[in-house]
Amino acid sequence: MKLPVAAAAVLALAAAPAFAQGVGKAPPPAPYKKVSELVKLPDFIPGIGTLYVDPKTLPAGPFLAYDRDGKLVSTVYMVPMKDLDGKKKFDDLAAPGGAVDHVDFYYNAGHPGVEEPHYHVVLWHVSRADEAKVAK
Amino acid sequence: MISSRRGVLGAGAALLAGLAAPRVFASAAAPVVIRMTAGMRGEHVAFDPLGIAVEPGAVVRWVCEGETHTSTAYKNRIPKDAVPWDSGYLLPGKTFEVRLEIPGVYDYFCRPHHAAGMVGRIVVGAVSAEPDYPDSGVPAIARRTFPSVAEILKRGRV
C-alpha cells in the first residue's frame, strides 16, 4: 500500500508546467544549494547527477539533478522508510522541474544528508535513453 | 599502540585466555583489506568481509568502492583500553587504516548506513568467549548482522 500512494502523488506532480521556477539549467536559484557543499557527497553522483536542494525541505526534497552540461534531468524525492511505515503523508511537495517523461522508485540504504533507509522517487525529465547522460 | 592514517588508538595489553576450536588469522604482513560496497543505486551496502580474525598488530585497511561510507568504531563495543576510531566520510576510491594491537573484539559501523545494518566485527588475537557488549544504540537489524566470534575464529573471515 505504500508505493501506490506515493505513485499517485508523483503522477499528480507530472503535469506541472515546464521549468516553472527557472531551474532548467544549473545552478538553480536560491534557496537551492549544491548538496555536495552541504554534506560529504561527490559533486557528481553516477546514476543521479549533480544535486541541489533547499535545505529547509530535507529529507524529502525536492532535489534537482543535473547532467554534466548543467541540464536538469530529474527531480528526486527522498522518503524515509520509517515515514512510509508510519503512513506519513507528504502534501504539496514542490515540483519545479516541468514535464515528466517517466518515474523510478528505488530503495537506498542511506547517504550523508539522509542517513537512514529511504526510497528515492525520481521524476525523470529526460527519456530513458538520455538517462545515460548521468550514468557515469 | 594502535595507529591509523587518520587517527590513533590507545595502547594496552589486555591479553585474553586461549581458545578452543581452530583459529584462522589473516596475515599481519600486509594490510587486511575490508571492502565497503554498495549497489549501483545505493542498496545492499556492506563491509566485505563482514567479520575477520587478525593477529595483534595487524593493519586493517578499509577501501570505499561505492557510495559514501565510514568506518566508525562503537565506543562501548571494543576492548577496554582501546580508543574508538572514526574514518570520517570516505568517497569511492578512498581508504582508511588502523593498526589493532589490543586483543579482543572490535565492532564498528558505517554512519550513513548504520540504520540499514551496515556493521562489521574484527577479532584480534585469542578470544575465549563471545563479548558481552551493550546493545543500546545499535539498531536491531545491526545486532542481527554481527557474526559470532566462534564463527569468525573458525573460518577466519565471514
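# A tour of chains A and B

Start with chain A: of its 136 residues, 37% are buried. Buried means that 20 or more other C-beta atoms lie within 10 Å of the residue's own; exposed means 12 or fewer, and partly exposed is in between, with C-beta atoms placed from the backbone. This is a predicted model, in which local features need pLDDT of at least 70, side-chain atom pairs count only at pLDDT 80 or more, and totals for chains, interfaces and linings use all residues. Residues are numbered from 1 along each chain as its sequence is written, while chains are lettered from A and ligands numbered from 1 in the order in which they are written.

**Colour by confidence**

Colour chain A by pLDDT, the predictor's confidence in each residue, from 0 to 100. The chain's mean is 86, and 85% of its residues reach 70 or more. Now select residues 11-18 of chain A, where the pLDDT is below 50. Beyond near neighbours in sequence, this stretch has 9 contacts in the model. A contact is a pair of residues whose C-beta atoms, placed from the backbone, lie within 7 Å. Where pLDDT is low, predicted coordinates should not be read in detail.

**Chain A: the fold**

Switch to cartoon. Chain A shows 2 helices and 6 strands, in the sequence pattern α-β-β-β-β-α-β-β. Both element types are DSSP runs, numbered from the N terminus: helices are H or I with at least four residues, strands are E with at least two. Among contacts in chain A with a separation of 6 or more, 58% come from residues 24 or more positions apart.

Select the strands of chain A. They form an open sheet of 6 strands, order 1-2-3-4-6-5, with antiparallel pairing. Strand 1 (33-34) and strand 5 (102-108) of chain A are at the edges; each has a single partner strand, so one side of each lacks a neighbour in the sheet. Two strands pair if DSSP finds at least two bridges between them.

Step through the middle of the sheet:

- Strand 2 (residues 50-53) and strand 3 (residues 63-66) of chain A are antiparallel over 4 bridges. Pick A:Tyr52; its bridge partner in strand 3 is A:Leu64.
- Strand 3 and strand 4 of chain A are also antiparallel, over 4 bridges. Here A:Phe63 has A:Val76 as its bridge partner in strand 4. The two strands make a hairpin with 5 residues between them, and A:Gly70 in the turn has a positive phi of about 80°.
- Strand 4 (residues 72-80) of chain A is mostly covered, with 8 of its 9 residues buried.
- Strand 4 and strand 6 (residues 118-124) of chain A run antiparallel, joined by 7 bridges. A:Pro80 stands opposite A:His118 in strand 6.

**Two cis prolines**

The peptide bond from A:Ala26 to A:Pro27 is cis, with omega near 0°. A:Pro31 is in the loop between helix 1 and strand 1 too. Its bond from A:Ala30 is cis, with omega near 15°.

**Across to chain B**

Show both chains. Here 14 residues of chain A are in contact with 14 residues of chain B. The chain A side has 7 nonpolar, 4 polar and 3 charged residues. Nonpolar covers Ala, Val, Leu, Ile, Met, Phe, Trp, Tyr, Cys and Pro; charged covers Asp, Glu, Lys and Arg; the others, Gly among them, are polar.

Select A:Tyr106, in strand 5 of chain A. Setting aside residues up to four places away in sequence, A:Tyr106 touches A:Tyr119, A:His120 and B:Arg41. A:Tyr106 is partly exposed, with 14 other C-beta atoms within 10 Å.

**The cores**

A nonpolar core is a set of buried Ala, Val, Leu, Ile, Met, Phe, Trp, Tyr and Cys residues joined through C-beta atoms within 7 Å. The largest has 43 residues; B:Val54, B:Val60 and B:Ile122 are among those with the most contacts inside it. Centre on B:Ile122: among its contacts are B:Ile52, B:Leu100 and B:Tyr106. A second, separate core of 27 residues includes A:Tyr66, A:Val76, A:Val100 and A:Val134.

**Last stops: chain B loops**

B:His44 is in the loop between strand 3 and strand 4 of chain B. Its phi is positive, about 55°, although it is not a glycine. B:Glu67, between strand 6 and strand 7 (72-73) of chain B, has a positive phi near 60°.

Note on methods
Two residues are in contact if their C-beta atoms, placed from the backbone, lie within 7 Å.
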